[in-house]
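Please examine the model shown below. The paragraphs that follow lead from the chain as a whole to a single residue.

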Amino acid sequence: MRYVSTRGGAAPVGLSAAIAAGLAPDGGLYVPEIMPRIGLPPLDGYLAGTAQRMLEPFFEGDPLADELPAICAEAFAFPAPRRELRIEGAHLLELFHGPTAAFKDFGARFLAACLTRLRRDTTRPLTILVATSGDTGAAVGAAFHGLPGVRVAILYPDNRVSPRQAHQLGSFGGNVRALRVEGSFDDCQRLVKEALGDTALQADVPMSSANSISLGRLLPQMAYFGHASLHADGRMNTIVPTGNLGNAVACLWAREIGLPIGEVSFACNANETLPEFFAGRPYRARDAIPTIANAMDVGAPSNFERLRHLFGSDAATRLNGHAESVDDAGIRDIIHRHASSDGEVFCPHTATGIRVFERKRLAGDRRGWTIAATAHPAKFDTIVEPLIGRRVEVPVALAAMLARDASADPMAVDGRVFADWLRGW
């Protein structure tokens, strides 16, 4: 299996090279040269087993292929249960049972397991760059914390993540540093892309990415959608809350290789880039606007390149997905109303998916839908608890992280300043 750039200006590479690089030399994102098709994996009670069978074609011929069973065992060491909600026709795919209580834990641990097995220059550490709008940074920090030969720089928009998210991001120390950027997530993402594309900087500071632009993050995210679909009754129609489109593309890739996934809808917050595109208007990136579903505050989703590449044209892309916006008032209504009516408590991001499901019901859609639950509501206590009138129980792993001291360094929205910081680290 070889991998090519979405922009067509880079030579094909193997999986290990694509994972190590993060971004293709022409600035594009790596995708399979030919998307494999697989038969349905055997029904496996363990997520790690399903992941291994789904990902084998993507590792074919690569030095990491023999390590895939061990990589999957490390990455998928906690469950992703699909449970029936007390809302007729709805199931919740709970992706928040990892160490940082967010779905990003799966991809971050998978990437860490891959990178620690790849040969690299042992005289200089590999620097992992990660831009985060809330959850990615903590997951990457947890996955790489304490690993020899690797260090992590987390960039997040100052005052645009929840207090508990900010505490998580700064709680690691050691080989993990958190940087508060005076800007938006898109500014953080731009700094990461500029650094990765700077050949002179790469010569001084070997770097890779841990955002969903990395194949090592995106490929494993296919697994929990595929695993859940194998345990569903018929094809699993899915609603995916999304900002940077990584989780949504992973779901579509799982469907593309042959897993029984039906229609896929994207639930967005008030950032309109994707809903406008799927409504028929030209794709137009714009500055992100802040919302209470902050991890989805993205105005220029990087993985749109992968989405368009998968289907080949804007028209075909629109036939294979659907996107809707949910504003802050709608998110608050979902959290308050369902906590009162049926005892279900959702994080602000998952609430966007529940709102999209309700709209489908009101429009007469009686099919079953599975909503991806992206994070535990306890991460957003300052938003959720006033709406439900009680405290949300904090998972043990999250409580342990919140008990640590936390610190983060300020960072300007200036690529030269960031490059100098990296050289001086």
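**Charge, fold and one buried glutamate**

The protein chain has 43 positive and 46 negative side chains, and the centres of the two sets lie 1 Å apart. Here Lys and Arg count as positive and Asp and Glu as negative, with His and the chain ends not counted; a charge is placed at NZ of Lys, CZ of Arg, CG of Asp or CD of Glu. The model is predicted: local features need pLDDT of at least 70 and side-chain atom pairs pLDDT 80 or more, while totals for chains, interfaces and linings use all residues. Residues are numbered from 1 along each chain as its sequence is written, and side-chain values use heavy atoms, leaving out hydrogens and water.

The secondary structure of the chain comprises 18 helices and 13 strands (DSSP runs of H or I, at least four residues, and of E, at least two, numbered from the N terminus). Of the 425 residues in the chain, 60% are buried, that is, under 20% relative accessible area with a 1.4 Å probe, protein chains only. Among contacts (heavy atoms within 4.5 Å) with a separation of 6 or more, 74% join residues 24 or more positions apart.

Glutamate 324 lies in strand β11, residues 323-325. Is this residue buried or exposed? Glutamate 324 counts as buried because its relative accessibility is 16%. Its side chain makes a polar contact with the side chain of arginine 359 at 2.8 Å (a pair of N or O atoms within 3.5 Å, one able to donate a hydrogen and the other to accept it; residues adjacent in sequence count only if both atoms are side-chain atoms). Leaving aside residues up to four places away in sequence, glutamate 324 touches Phe266, Ala267, Cys268, Pro275, Val356 and Arg359.

Methods:
Buried < 20%, exposed > 50% of the residue type's maximum accessible area, 1.4 Å probe, protein only.
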